Amino acid sequence: ELKLKNKEELQRRFNLEINADIPLIGIVTRLDSQKGLDLITCVLEELLIYDNIQFFLLGSGEAKYEQYFQWIRDKYPKQVGIYLGYNGKLANLVYGASDMFLMPSLYEPCGLSQLISLRYGTVPIVRETGGLNDTVHSYNEATGEGNGFSFTNYNAHDMLFTLKRAINFYHMPEHWNKLVQSAMAQDLSWKSSTEQYINLYRNLINEE
């Protein structure tokens, strides 16, 4: 219920246009090729020009990525905010303020950021790899099932298509509100995992 206040605070703090209706895409990550940043740098400007979005990145890492995000921020200062480094409180604000959380990883054995974003009601957009594929299920508008959006191939335009699909649903509250509620309802705690392990061991014992 505080997402709009969080969004306004992030927009104000980083001199973005204060507008609740503009979809805000957040990312908190290490700036490394593993995290899919090559896909983002390939299509981000196109999104900014044609889809009226805002983008916020918190992270640090390889110089080429830091330089790119500084450049894109300077070119689109009302749409792009960046914080190079790590700040725990700001990271929480990014999760709380963003409408979508982008994780287009090349590989991701587990992944924590998508789990955090789900708890914050921030809809994850991920590539179907490793733990991301295990925890984020693409929205099906026909059945209402799903808790985010995903794409399979490590391809910038596949990611762009998926982002545009998410943005389209963002402007359809009857779908978006359902997605947010589904995201926040996920039980990804150790309690759930523990029960699955116990059932697995019981099945093995019974087979013997």
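Is cysteine 110 buried, partly exposed or exposed, and what is its relative accessible area? Cysteine 110 is partly exposed, at 46%. Cysteine 42 is partly exposed as well, with a relative accessible area of 49%. Here buried means under 20% relative accessible area, exposed means over 50%, and partly exposed lies in between (1.4 Å probe, protein chains only). The count of disulfides is 0, a disulfide being a pair of cysteine sulfur atoms within 2.5 Å.

The model is predicted: local features need pLDDT of at least 70, side-chain atom pairs count only at pLDDT 80 or more, and totals for chains, interfaces and linings use all residues. Residues are numbered from 1 along each chain as its sequence is written, and side-chain values use heavy atoms, without hydrogens or water.

An open sheet holds 6 strands in the order β3-β2-β1-β4-β5-β6, and the pairing is parallel. Its edge strands, β3 (80-84) and β6 (149-151), each pair on one side only. Strands (E, at least two residues) and helices (H or I, at least four) are DSSP runs, numbered from the N terminus. Two strands pair if DSSP finds at least two bridges between them. Neighbouring strands of the sheet are turned by 15° against each other on average, direction ignored. Strands β4 (residues 100-103) and β5 (residues 123-127) are joined by 4 bridges. Methionine 103 stands opposite valine 126 in β5.

Helix α2 (residues 37-50) packs on the sheet. This helix touches β1 (24-31), β2 (54-61), β3, β4 and β6, where contact means heavy atoms within 4.5 Å. Its direction makes about 155° with that of β1. Angles run from 0 to 180 degrees between N-to-C directions, and axes are lines fitted to C-alpha atoms, for helices over the stretch in contact. Helix α3 (residues 63-75) lies across β1, β2 and β3, at about 145° to β3.
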